[in-house]
Amino acid sequence: MSLSQNETHLLLRIGFLPSGWAAERLQALGAEAFVEEQLQPERIPEDPEVARKLARLKLLEMEPRLLARAFDGEGRAYVELLRRHLWRNGQSRRRLEARMAAFWTNHFYVPAEAAGHHLADYHRTLERHALGSFRDLLFAVARHPAMLTYLNNDSNVAEHPNENYARELLELHTLGVDGGYTEQDVKEAARALTGWTTHPRAIGGFFFNPDAHDKGNKTILGRTFPAGRGIEDGLALLDLLARHPGTARFVATKLALWFVSDAPPEGLVRRLADVFLRARGELRPVLRALFSAPEFYAARGQRLRSPIEFLAAAIEVTGVAFLDDWILLDTLNRLEQPFLGWKTPDGYPTRARAWSSTSGLLARWQVALELAQEADGDPEGGWGLLSHLENRDPAARTVGEWVDKATRQVWGREPSGAQLAALVDYTSDGQGAGRPLTPTLAGRKRGGLYALLLAAPEFQWT
């Protein structure tokens, strides 16, 4: 199977490897129909093995109050959520939904330690709206106990307004730092959100306390909010922000950063923002426009995988299973991106400069070696990793054919002449591309070959 450059690029940016089920499906449907199918994930039969693994994550289905009572409920749910993230972003057939859920997780960011026993429920909320309406998602986040508690709106009362959530609502969730609002707008928005708090017996945990609400008149972004109202103030504020042109531009920019490049073209951002406004914040039309844009396909090789994206993709290449939770957690720590471990509400950075330090790249190379070499063997070996790389091998008779096919499978393109020569020289022990590929030779060289492919810039950049 041979994919075009554009087809390979589309798969990589949605989160697939350029091989296997996704490549076959893309070639069968064509790019437009493939994207449309990904936008309707409920219509895609999930891979049976992935479905079985996801079904075992029972803690993620528990209501927060019950999870809080379970033994180490928060800690175990955190690990289950991480495994779910890696399986969905590295093995699921519904990859675009997973990529968008990850996008919103970083956009409406709440650290794991701050979310506590609400963490799993919060992520279910983000996932439920990942491909739907931005307005619905904004409203759901604004009323979720994880966000209200993290940004202190649960203590936002008329007598002592707390501006934390209101500030991040404008700066990080909707308009952006240069979105045209003033410090007075932040203060007025905080007043509009007084009384938005939590209660353990309320449905979903959200509770509006009318006695804590500032009922005076307010002016936000030039809009007058009349006196005497209650929860309507906050609802009107969220509606105003969801429909604001500044929000359309901010969300369009972040989507382009996520899927296109670190410096998305201005024309593309403007068009995506226009679609956002015309579609009243519905996300599917925006994504259709993005994945059909010439600027998207012109950005091949311009986006560096974040550490957790690299790990998910490397696990897909190697089929590694982490047998010990602590090794999985330690791996992400060494890659400098602990799961939901960023401390501030702006979420993890997405631009390459944040992830291209010397220590970060060295950690990627080390992890590539571990996944490809140390994992490929006996689970009693003590590494806590297990894979069967031989099951990933493309059929080949010679070393040259093996290297060429494996490279296309992992990178999505053929290696350059110099790259092919170096890989063949290593894999053949200097005997050349025509050396017959015996089981013994493949067994000796398989781990090293895949480690080199995973550590290469061609795998890091998509």
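Guide: Happy to, and keep in mind that this is a predicted model. Let's start with Asp429, which has 37% relative accessibility and counts as partly exposed.

Visitor: What makes Asp429 and Arg435 a salt bridge?

Guide: The cut-off is a nitrogen-to-oxygen distance within 4 Å. The side chains of Asp429 and Arg435 meet at 3.5 Å, N to O, so the pair qualifies. Elsewhere, salt bridges with shared partners link Arg84, Arg88, Glu97 and Glu127 into one network.

Visitor: How do you know that Asp330 and Arg334 form a salt bridge?

Guide: Their side chains come to 3.0 Å, N to O, and the limit is 4 Å. Both sit in helix H20, four residues apart, so about one helical turn separates them. Asp330 is partly exposed at 31%, and Arg334 is partly exposed too, at 29%.

Visitor: How many salt bridges does the structure hold?

Guide: It holds 36. One of them joins Asp214 and Arg191 at 2.7 Å, N to O. Asp214 lies in the loop between strands S2 and S3 and Arg191 in helix H13, so the pair ties together parts 23 residues apart in sequence. Both residues are buried.

Visitor: What makes helix H12 mostly covered?

Guide: Eight of its 11 residues are buried, among them Tyr165, Leu169 and His173.

Key:
Residues numbered from 1 in each chain as written. Predicted model: local features only at pLDDT ≥ 70, side-chain atom pairs only at ≥ 80, totals over all residues. Heavy atoms only, no water. Buried < 20%, exposed > 50% of the residue type's maximum accessible area, 1.4 Å probe, protein only. Helix = DSSP H or I, 4+ residues; strand = E, 2+ residues; numbered from the N terminus.
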